[in-house]
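Thanks for coming. I have one structure to show today, and I will go through it piece by piece.

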Amino acid sequence: MEHPENDSQYIGLTVNSGVSQPPSVNPYLKRVPRRKPMPTPGEFVEGILKGDVTMLSRAVTLVESLAPEHYNIAQEVIEKCLPYSGNSRRIGITGVPGAGKSTSIDVFGIHVLKSGGKLAVLAIDPSSERTKGSILGDKTRMEKLAVHPNAFVRPSPSAGSLGGVARKTRETIVLCEAAGYNNIFVETVGVGQSETAVHSMVDFFLLIQIAGAGDELQGIKRGIMEMADGIVINKADGDNVGPAQLAQAQYRSALHLFPPTASGWRPEVLTYSGYYELGIPEVWQMIDRYFEFVVNNGYFERKRQEQARYWMYESINEQIRKHFYDNPEVQSRLTASEAQVLSNRRSSFAAAAEVLDFYFSKIKEK
């Protein structure tokens, strides 16, 4: 092999050795920090009470986790945070799809934060029945609150179980209150079933409607108005002011058909525009009037106590259900009984009765 660089005519020139090849292993690989270990319940509580948003977010994730090893830790954190909770206004917000719930929450939230304090928004996002996934896009529609230093926006997937999500949302409220959030907004899925669950954990239930969507009669029929403490007609701007005022009159007339509420409060109907931020102070003045009314007549404290009792029994029902389905012997029985039902050898009711009898007999033996 010839080496022309060694020829005499190239004397005085230096031949570089070339570029060295990089190592096959990334030299910075060892510098990547390892994942932080799971904080102890005491560390979780300490961070939450200090208002650490990262620790609060991790605690909420722990509460929402389906992993059995996370359940006991989450319950201990909630138990230790409970003495620091209960000092907020809990407001449930629902409405038909497209009524502008997320936009309204964004505007309402900024209005609330102007007077000081902190706000937590817990948005329940419906999950797909086929893929079980959720977009969790509510936060992107709350552009102002998403970047506000005193706001905490947390979307949660319904994962097909509104009851389970409602319990987790209830526990998340406790964590947020312990972290110093004195205003809690809970946005429902808005499909009918979730309203009852959310109503059982909030102090004020706000129903957002729109005019001209043919929903006036439907809203009255499905009973949501019976739960509402206030009804607001959104998108009352431009050419839609007239239809919004007409819808307002129709809802006011409809409210006279319902029996008096347990609190003694007569729900009010107002119009506003979330997009143009019109009528927002009036909506919040209505909410202030409600809280003043129920605190003075004692209904506020009575309702909180009723809700606590309700969630105690809900927790019992859930634990019984979990204990039943987690039993290995019951699982094998269910598999055998399911095969008999699918082959038409036994009715669904007889198979269910047999499995339950087996379960109860095992409990008696213990």
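I start with helix α1, residues 41-49, where Pro41, Phe44, Val45, Gly47 and Ile48 are buried. Buried means under 20% relative accessible area, exposed means over 50%, and partly exposed is in between, with a 1.4 Å probe and protein chains only. The arc is that of the directions from the helix axis to the C-beta atoms. After α1 comes Gly51, with a positive phi near 85°.

Some housekeeping. This is a predicted model, in which local features need pLDDT of at least 70 and side-chain atom pairs count only at pLDDT 80 or more, while totals for chains, interfaces and linings use all residues. Residues are numbered from 1 along each chain as its sequence is written, and side-chain values use heavy atoms, with hydrogens and water left out.

Now the chain as a whole. It has 15 helices and seven strands. Helices (H or I, at least four residues) and strands (E, at least two) are DSSP runs, numbered from the N terminus. Of the 366 residues in the chain, 42% are buried. Contact means heavy atoms within 4.5 Å. Among contacts between residues at least 6 apart in sequence, 74% join residues at least 24 apart.

Next, α3. This helix has 14 residues and reaches 21 Å from its first C-alpha to its last, close to the 20 Å expected at 1.5 Å a residue. The expected span is 1.5 Å times one less than the number of residues. Which residues of α3 are buried? They are Ala74, Val77, Ile78 and Cys81. Seen down the axis, they fall within an arc of 95°, so they line one face of α3. The face turned away from that buried side carries the exposed residues Pro68, Glu69, Asn72 and Glu79.

On a 1 Å grid over the protein atoms alone, a pocket is an open set of points where a 1.4 Å probe fits, with protein on both sides within 12 Å along at least five of seven lines; lining residues have an atom within 4 Å of a point. The lining of this pocket has 21 residues, and Leu82, Arg170, Val174, Ala308 and Trp311 lie nearest the centre. Which helix gives the most to the lining? That is α13, with nine residues.

α15 is the last helix I will cover. Its 18 residues, 348-365, should span 26 Å at 1.5 Å a residue, and the end C-alpha atoms are 26 Å apart, which agrees. Ala351, Val355, Phe358 and Tyr359 are buried in α15. Down the axis, these buried residues fall within an arc of 95°, so they line one face of the helix. They pack against α13 and α14 (328-342). On the face turned away from the buried side, α15 carries the exposed residues Phe349, Asp357 and Lys364.

Asn344, in the loop between α14 and α15, has a positive phi of about 60° although it is not a glycine. At 71% relative accessibility, Asn344 counts as exposed. Glu277 lies in the loop between β7 (268-271) and α12 (280-296), and its phi is also positive, near 55°. Glu277 is partly exposed, at 42%.
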